[in-house]
Every structure is written in C-alpha cells, then in structure tokens.
Amino acid sequence: MSFSFTTDRKKRFKALLQSYPDKRSVALPALHLAQEQEGYLTRETIEALAHMLELAPADLMDTVSFYTMFRTRPTGKYLLQTCSTLACSLNGADQLTDHLQEKLHIKVGETTPDGKFTLLKVECLGSCGTAPVLRINDDYHEKLTLGKVDRILAKLK
Amino acid sequence: MTGYEPILTKHLGQPGSATLAYYLSNEGYKAARSAVRDMDRSQIIQTVKESGLQGRGGAGFPAGVKWSFIPQNSKKPKYLINNADEGEPGTFKDRLLINHNPHQVIEGMIIAAKAIDCHLAFIYIRGEFVKEARVLETALDECYNNKILGKGIFNSKYNLDIIVHRGAGAYICGEETGLIESLEGKRGWPRIKPPFPAIEGYLGCPTVVNNVETLANVPHIIANGGQWFRGIGANPESPGPKLYCVSGHVKKPGVYEGPCGTELTTIIYDWAGGIRDDNKLKAVIPGGSSSPVLKANEIDGLKMDFPSVQAAGSMFGSAGIIVMDETTDMVQACYNLARFYAHESCGQCTPCREGTTWLIKILDRFTKGQGRQEDIDLMLDVTDNIGGLIDLSYGSFGKTICPFGEAVSWPVRAMVEKFRPEFESYLTEKVTG
C-alpha cells in the first residue's frame, strides 16, 4: 500500500521542510511523523518518504536501521519498555521485567496474541533517580513496584 | 551545604515555573535582552570565559573558549545546538531543567547564539523525551508570540529561530559529532576530528554544541558577571553551581543542586539520605557510567569538581552518581554496563564494535558459572584494545574515532581491577559447585 501523510501531517511536514536549512535534516522528524501515523515503518513508507526528501531509499533505510525507536514491524497497542540499565537494575528492573513476562505470558520481544501488549527491554531511559522505570508508549511510569505496575496495566483498555 | 542558595533550580516546584509569565516575573530574559541589545560578541564570550564555566555534558571543556573557536570572518551560517540527548546512565538533570524551567535554557541559548552570530539553533532532545519536547515547543511558542524569538528579537535587529529536534534512541548521538550527523538525517556515526565542529559542523558550517545545563548557567553569568560565577564553589578552576544526580542504593535518589566542589559524602549522606536500609556502602560511580568506579574507601573527602575527581582516578563527567551498597554483585553490575555499551556501540570502529561484544561474551560466561581463569586478564586486555590504558592525561585517547572507546574501557577495567576477588569467586564457585 502506498504511503501518504494525512492532511494535518502533510501540513506539519511542509512546515518542517521550510524551517530546516536542508531536506535531509528533516529525515528524523519525518520518520517520527510517519511512524506516529502508521504505527511502524514499512518499506513502502520509507521509500515514499525518501522520495519526498529527495534521498535514495537505501540512504533513508540506513538511517532507520540505526535508531532503536524506529520500528519496522508492528507492535501491540501498548509498547511496554522496561529500562534495564544499571540504576534501574539496582532497583529491581529485572524483577519488573520477569513479572511482566509472567503476567502477560510473553517473553521480551514478543506481543500478546490479542495484540494488546508488546514487551521490550531497553537501555537507559534517563530517569535513574526514579528507578525502576517503565515506558508505555510515550509515557514514563516511575518508581514502580510490582503492585503499582499491575494497577497501571489494569487501567489500559 | 549551608549558605548556598540554589541558582539553576531556584524555582523548582513553584506552580507555573515553566511558563513565560512566571519566568518574566522573576527577572527572566533580562540577561538575554541586554546581551542582544547592549553587548557585542566579544563581550559575551569574554564574560563567559572569565566565569570559568565548563561544559556540563561530561567533558568539561570551557564553554567560552569553545565559542571563541567560531571563526569571526566566516561567511557561512553558524549553528548552535543544545545537546539534550541526555543518555549517560546515571544522569537525569537536563530533563528536570527542561520540565521545570525551559525558559532558563532558552535564554541561555539566545545569549550563546548571539555570541557566535547564529540565527538558527537546534535543541536536539533524545527521542524518548516526548513530553519534554512538548514542554520546549510550548515555551518556544510563547517566545515567538512575545518577540523573544523570531525576527528582530527584543526590538533589536537580531533574528533567531530555534527548532526542537527529536533523536530516535541512540546513546552515541550525545557525542557532539554523532549528534551533528544525526541532525543531518544520517546514522549517528561520530566524525574524525579535526576538523572540529567549530570549523566544520552541521552542514559543514561552524557549529557549537553545548549541553542543556551548560546553557542554563549562561543567563546567570551574564546577569551577575564572570567573577561572581568563578567565586561559587571550592575551586576557582572548576566553579559554578552544579546539578548532582544521585541514583542507586540511596534513601532519597534525585537531583540536588550545590556548588562545584561539594564533597561526595555530603551529597550521598546529607542530601540523598544515605544508603538504603542503612547498609554499608560498597562502591560509587561518580560521573555517569563512563567514569571509573570508586570503592567506598576512596570517596572520603573527595570533592566533586573536574580536577579533584580526575586526581582520584575517575571523572567528574556529568555528575551522575550511582551508589552501590554491600549487597551489589559487582560482576553483574559490570555485565550490565558492558551490555549497555555493547548495545550502544555505533559499530563504526572495529576495536569498539568487536571489543564490546567480546566483553559481554566473557561476562556472560562468568555469570553462568562458566568463566575461565584467564578470562579476567583477557577482559583487561580487551579493554586496553578498545580504549587504551587508563591514563586520564589526554595523551591516551585515540584507538577509536570518538571517546566511546574510553567510556566503556575505563569503567569495565576499574570494576575488574578493583573487585577482582569477586570475579575470582565466580570461578571458584564453578569449581566447587
């Protein structure tokens, strides 16, 4: 399926092109915008964006492949990312990840069969003072306990 | 710290502290107004040089000196980039500055931009900080609506635009040339220096990259003078207010502001409440995960500033203090950090790409009880091959294009050397059990 921005996002994309001094610099913001719209980046989406930015598709794919936040496969409705780096790990991040695996019956990297949750272990989220931290889609949930995380998940419909 | 009034976090927690109205009613943008209207470039640079302000991202390079490298006569556009790609494990201060007082950071950017004759500046913020990016955009909108940004700011002839640019999850983009590549829409592969960004940075143009906290200091320096700033803290060679991030096994983790040169024990025991459960302290990482670990007996009397921590064999870095109590398994801690660096190695230089993979292979063996006697020395050998021997004089840099090589080698090496018996016990357990 071919990709195009929705009307509102097309406007935002055009504004981006106008505000940056060159087109290629718009690559990251444009990829964010497309991913926000589509949920993940397909080959077709990347090719269409490359065309809009006057880049070779391979160049833009190279960029996409470098960054962990750009996803080339679909995820569940809620993307759960547990921070696993030292400060979180010292404060129970591993137990938190284990708990989520058991509760959701999936392993890290997997999605629940109903497509609701995807679980990922990620590196430092930059919130070490409120460890352990779980990022759900765009939101940080901090100073978590197992009970707290259960209550948060119960509210996600 | 008695007698110290917070400067950078003075308004923390006040209702509306992120709004322009609040900021303006507390002397906000006075310094930027005077810098834009009444000061020329050399005056601003001179004042910041006098202040002794060192980069707060970790390297500690004098900010005023960095600005002075921008060629005065170049016809190319000059760019300022605010590095908000906060990602050094243990560091979480820039996020706080942005959330609670974005205008302080923007004001610092306006002054820095004027100092280097820049008319388009960027805030490169790590991609995960979606909320923080929105806070900044809201603050920028307020500025545009009040002639603080855009054309003819503060009714002068000076124009300045600022763009918030989100990264997408890559630690290496906190390195200034990796950041510039990323801003250009490419993978964040650091560049060989020279040329330094001040000569050829973003789009080949003169560019300054400064950390959020560095820039947040600038309005205060312009308002109060370079000498005032240099008088803050224990050592005039490494002065100023500092945000200390305390995490790990302390009772009250968080960001604490104090003068540079505050004793590490004061920060851990007086401010952060001491060790959780009143356990014994085992080790402290003083300046973000890239700084070599210090054992409990090495921190007594240690002052937190660039020269003092370096003299103690570690780095002040970003002042990301990670505290580990007696229950910490140092082999696991070492494995955790090595895994972080292996994941974040950009893959450009062979010693780093291959070396970090070797390290986690070896550490993985250890934690599974399959470590070999020779593995301990092998790890030390691998760290030498990635980053060179620990020698904090600058001569030892250079096996990789960027300092990431050192950033993984030093902490891993320090953990293995200082806690060698723990690594050895993993071997004995294998033999006996």
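## A sheet in chain B

In chain B, five strands form an open sheet whose order is β6-β5-β11-β8-β9, and the pairing within this sheet is mixed. The model is a predicted one. The edges of the sheet are held by β6 (254-259) and β9 (294-295) of chain B, each of which pairs on one side only. As a general point, strands of a sheet pair through backbone hydrogen bonds, and they do so either parallel or antiparallel. Strand β5 of chain B, which covers residues 241-248, pairs with β6(B) in the antiparallel sense, and six bridges join these two strands. For Lys242(B), the bridge partner in β6(B) is Gly258(B).

## Domains of chain B

Chain B is divided into domain 1 (20-230), domain 2 (241-325) and domain 3 (330-432). When domain 1 of chain B and domain 3 of chain B are compared over their C-alpha atoms, their centres are 35 Å apart. These two domains are in contact, with 13 residues taken from domain 1 of chain B and eleven residues from domain 3 of chain B. On the side of domain 1 of chain B that touches domain 3 of chain B, there are eight nonpolar, two polar and three charged residues.

## Two interfaces in one table

| Interface | Buried area | Share from carbon and sulfur atoms | Salt bridges | Residue pairs in polar contact (both at pLDDT 80 or more) |
|---|---|---|---|---|
| Domain 1 and domain 3 of chain B | about 950 Å² | 70% | zero salt bridges | three residue pairs |
| Chain A and chain B | about 3,500 Å² | 57% | three salt bridges | 23 residue pairs |

## Where chain A meets chain B

How many residues of chain A are in contact with chain B? The contact brings together 35 residues of chain A and 56 residues of chain B. Across this interface the rule finds three salt bridges, and in one salt bridge the side chains of Glu142(A) and Arg95(B) meet at 2.9 Å, N to O. On the side of chain A that touches chain B, the elements giving two or more residues are α2 (27-38), α4 (57-66) and α5 (86-90) of chain A. By class, that side of chain A has 16 nonpolar, twelve polar and seven charged residues.

Notes: Residues are numbered from 1 along each chain as its sequence is written. Chains are lettered from A and ligands numbered from 1 in the order in which they are written. Side-chain values use heavy atoms; hydrogens and water are left out. Domain bounds come from an automatic or database domain assignment. Contact means heavy atoms within 4.5 Å. Buried area is the accessible area (1.4 Å probe) that two parts lose on being put together, summed over both. A salt bridge is a side-chain nitrogen of Lys or Arg within 4 Å of a carboxyl oxygen of Asp or Glu. A polar contact is a pair of N or O atoms within 3.5 Å; within protein, one must be able to donate a hydrogen and the other to accept it, and residues adjacent in sequence count only if both atoms are side-chain atoms. Ala, Val, Leu, Ile, Met, Phe, Trp, Tyr, Cys and Pro count as nonpolar, Asp, Glu, Lys and Arg as charged, and the others, Gly among them, as polar. Two strands pair if DSSP finds at least two bridges between them. Helices (H or I, at least four residues) and strands (E, at least two) are DSSP runs, numbered from the N terminus.
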